[in-house]
Amino acid sequence: MAGRLRAPTGRYGGKSAEERKAERRSRFLDAALQLFGDTPGYRATTVAALSEAAGLSTRQFYEEFRTLEDVLAALHLQVNSWAEQAVLAGAADVGDAPIDERAAAIFRAYAANVTADPRRIRITFVEIIGVSPRLEEQRLARRSRWVDLICAEARAAAARGEAARRDYRIAATAFIGSVNGLLHDWSAGWVDATLDEVVEELVRQLLAILRPVGWQEA
């Protein structure tokens, strides 16, 4: 019928409402990576400054997030997700290789990902610390996923006869702390070594945990 109005499609500029929402969220997170991970840092950033950096309005900010803490929480998870994807891809590349090769591939992938952008290091190891009980719980929960990954590798190595059979959770928790501390210090310029040397040291430490003196005779 001539003159009949078409039903709204929810699309604008060729994008659906969901696509526009995802794009806005991505722009806010990209801006947060820059402002939180560099200058001025999370604690000195305002909603107005973040919105301006994203090229969006404060009204649009509050359509996506309640607070800046929500943005930091989302960014922290995103940075960890990038690293996890890199690690899983690195492990997949070496398949069923011995634990020596798998450990090297895992740490090489993790180190390359988190140190490729100093802003990611700052988000993960600096800006997230001490913000709130909620974010501390998130930080510990996310670290627990890395502990689970190390424990899974240890159990698989033990099943193949490449490592001692025992509960590795405490050791893995301590080890993850040393991984994060070493990579943070290396990124800050406090460790005089190449990234390859850092990775080699992490592999040696993990293998020493998996293969204590006398483990084959146990």
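Which residues does F107 touch, not counting residues up to four places away in sequence? The views below, drawn from a predicted model, take up this residue and its surroundings.

**View 1. Contacts of F107.** Leaving aside residues up to four places away in sequence, F107 touches I150, F175, V179, V199, L202, V203 and L206, where contact means heavy atoms within 4.5 Å. Residues are numbered from 1 along each chain as its sequence is written, and side-chain values use heavy atoms, without hydrogens and water. Local features need pLDDT of at least 70 and side-chain atom pairs pLDDT 80 or more, while totals for chains, interfaces and linings use all residues.

**View 2. The largest nonpolar core.** This core has 38 residues, and those with the most contacts inside it are F107, Y110, I150 and L210; such a core is a set of buried (under 20% relative accessible area, 1.4 Å probe, protein chains only) Ala, Val, Leu, Ile, Met, Phe, Trp, Tyr and Cys residues joined through side-chain atoms within 4.5 Å. A second, separate core of 24 residues includes L29, L35, Y42 and V71.

**View 3. Lining of the largest cavity.** The residues V87, I106, F107, Y110, W146, L149, I150, I176, V179 and N180 line the largest cavity, a cavity being a set of points on a 1 Å grid over the protein atoms alone where a 1.4 Å probe fits but cannot get out, with lining residues having an atom within 4 Å of a point. About 100 Å³ of space lies in this cavity, as the space filled by probe spheres set on the points.

**View 4. A cis peptide bond.** The bond from T39 to P40 is cis, with omega near 15°.

Definitions and conventions:
Buried means under 20% relative accessible area, exposed over 50%, partly exposed in between (1.4 Å probe, protein chains only). On a 1 Å grid over the protein atoms alone, a cavity is a set of points where a 1.4 Å probe fits but cannot get out, and a pocket is an open set with protein on both sides within 12 Å along at least five of seven lines; lining residues have an atom within 4 Å of a point.
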